Amino acid sequence: MANGRPEGVKLIITVVERGQGRDLAAVYTDHQVPWHYHSIGQGTAPSELLDVLGLGGTERDILFSLGSVSCTDRLMKYLDEDYPEVNAKGIALAANLSGINNIVATALERQGQPAAETGGSGTAMEAAAENSLILIIVNNGHTDDVMNTARAAGARGGTILRARYAGEEDVARFYGITVQGEKEIILIAASGQTRNTIMEMVNVKHGLKTPAGAVIMSVPLDNVIRFG
């Protein structure tokens with residue numbers, strides 16, 4: 001936190017060959033980016049593009065990782081400069097978040113302070129982008145309830161990925177947050193007019209202090225095209 005203002009949080013989306021995600025999460029944690037969700041995907045790129053990217057086969061590990069701006073910037077620099085030392089092949093993309101639960105943002109920015117000092121349970125948000133991708137990470141079994149709340153707040157629909165928490169267990173205890181292993185990630189494209197309402201309503205009804213344990217964040221989108 002600089003000059004009394006929050007430093008901010010970044011999201012790193014990493015796509016690597018199947019089986020490499022957990023080891024890479026450990027590398028990220030060593031570089032003070034400690035919060036990870038691990039999903040499995042299927043690549044659709046043609047074989048010649050896979051060769052260019054250095055990827056073999058089509059199954060992918062996908063990591064959604066959260067860290068403070070300074071820590072994620074240092075990690076991305078490390079990956080760029082020392083990539084041969086990382087036992088993984090793929091791509092990592094970092095993006096500034098336009099919104100996230102206050103308790104998560106404060107915990108990541110104030111590593112080493114007691115959980116009682118992690119602030120309120122609202123959502124910290126910047127000025128709304130024209131369009132945003134909302135990511136809601138919830139405990140397994142709560143997706144329907146969360147989607148019902150999101151729709152009531154203006155969401156038109158969502159996409160669901162199955163995932164597992166892939167961070168260190170002592171990190172979960174350290175921040176005073178109970179982390180269930182099985183997760184589901186809901187992806188919702190929202191306009192600037194509806195983003196804040198969706199995030200706030202989901203946070204109030206399904207936030208970290210509820211059984212759903214939702215981590216809610218948003219990433220600004222340059223362009224959204226809807227078909228049909």
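Okay, housekeeping. Residues count from 1 along each chain as its sequence is written, and since the model is predicted, local features need pLDDT of at least 70, side-chain atom pairs count only at pLDDT 80 or more, and totals for chains, interfaces and linings use all residues. Side-chain values use heavy atoms, with hydrogens and water left out.

So, the overall picture. We have seven helices and 10 strands; these are DSSP runs, H or I of at least four residues for helices, E of at least two for strands, numbered from the N terminus. Of the 228 residues, 45% are buried, meaning under 20% relative accessible area, while exposed is over 50% and partly exposed is in between, using a 1.4 Å probe and protein chains only.

Now helix 5, residues 143-152. Which of its residues are buried? Thr143, Val146, Met147, Thr149 and Ala150.

Let me pick out Thr149, which sits in helix 5. Its relative accessible area is 6%, so Thr149 counts as buried. Setting aside neighbours within four places in sequence, Thr149 is in contact with Met201, Val202, Lys205 and His206, where contact means heavy atoms within 4.5 Å.

And after helix 5 comes Gly154, with a positive phi near 120 degrees.
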